[in-house]
Amino acid sequence: MAHPWKHHVDRFCRQYLQLEPSLDFPPAEFLKLDAVQELIYERLFADHVLLYAPPDRYRLKTLKQLIARIEASIDDWDEHAVSDNLMSLLPVLLSAPLPSETASVQQKHYVTYSLSALDHGSGESDQARSITLLENRSLISAGGTTGLRTWEAALHLGQYLCQHPSVVTGKRILELGAGTGYLSVMCAKYLSCRHIIASDGSDDVINNLPDNLFLNDLQDSPLVHPMDVKWGHALVGTEDQRWNEGQSIDVVLGADITYDRSNHPALVGTILDLFELHPDVEVYIGATQRNEMTSRIFLDTCQRSGLAVDDLEYPVLSREHQEGPFYNDRDPIHIYRVSRA
């Protein structure tokens, strides 16, 4: 039988690896226990335990908060104490040179997302159900792209695919606006797709994808192929080849690709081209509703172009019920299935 605190430790560790700014620490009644402190140390702070660890500034901040909470939780110092391992690490991190906050926000860091919706046996570890990406949550490139971080709609659409794997299993997939490659990695690594094209129109994003494929052991995989696809441009190959060498596409995925209303005509034009090339293709789009007018303009653009859009009404779990990945539960996130009317 699992310890009553195991769930709280698991959740805390997953949030830490995702570099969440606000962490749900285990309750005080558990945090003061030696076993809980040692497990946290062994999973997050021990030497060489993490192949792709968070940045030192984040590690130090979390460790200081953790020790303060442990100290506050102890009501009997004869019975409980702060872990020697945690206390010994604190001066090490305090003495380490840290980049300034300004420099830190310009850097890319390793972010690990746990895939709690995947159905694995009890012997699987958290690491076996995760995706690690090199990204920057603050940086927008000089070209204006937002594809250097993973956005909420990708995480939500990923949850949907984990719970409905038949959408992509055994299928040939095109991801539009792949960004960090979160969905493409998930489909190739865990959901048994036949092949996936991770496409984007930004050179910065395309150049970043090989690093993230490497982090997930997909660098030599024939399952994933990065491709430059600019919306609104004709989907053609060379004079002697059809687009994508004439290979079929069964499913199109896109997440957080409707936030800029000026891009809607080009995006819808590309979707129409894909329906012309592959009449039976299925299109799924995850969209965070940050602005109701922008969402309405996208739906109207689709309707005027002869496309039907169905909202699959897949709800966002409240923050306290999320087990990983963790994302905003305040803004509505829609998952649309687009088809020809």
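1. Is Cys187 buried or exposed? Cys187 is buried, with a relative accessible area of 0%; buried denotes under 20% relative accessible area, exposed over 50% and partly exposed in between, with a 1.4 Å probe and protein chains only.

2. The model is predicted: local features require pLDDT of at least 70 and side-chain atom pairs pLDDT 80 or more, while totals for chains, interfaces and linings use all residues. Residues are numbered from 1 along each chain as its sequence is written, and side-chain values rest on heavy atoms, leaving out hydrogens and water.

3. The sulfur of Cys187 lies 5.5 Å from that of Cys193, its closest cysteine sulfur, which is too far for a bond. Cys193 is buried as well, at a relative accessible area of 5%. With a disulfide defined as a pair of cysteine sulfur atoms within 2.5 Å, the count comes to zero.

4. Cys187 is also one of the buried residues of helix H8, which spans residues 182–189 and has seven of its eight residues buried. Helices are DSSP runs (H or I, at least four residues), numbered from the N terminus.

5. Asn208 is located in helix H9 (residues 203–215). Asn208 is buried, with a relative accessible area of 3%. Leaving aside residues up to four places away in sequence, Asn208 touches Lys108, Leu134 and Leu148, where contact means heavy atoms within 4.5 Å.

Note on methods. Helices (H or I, at least four residues) and strands (E, at least two) are DSSP runs, numbered from the N terminus.
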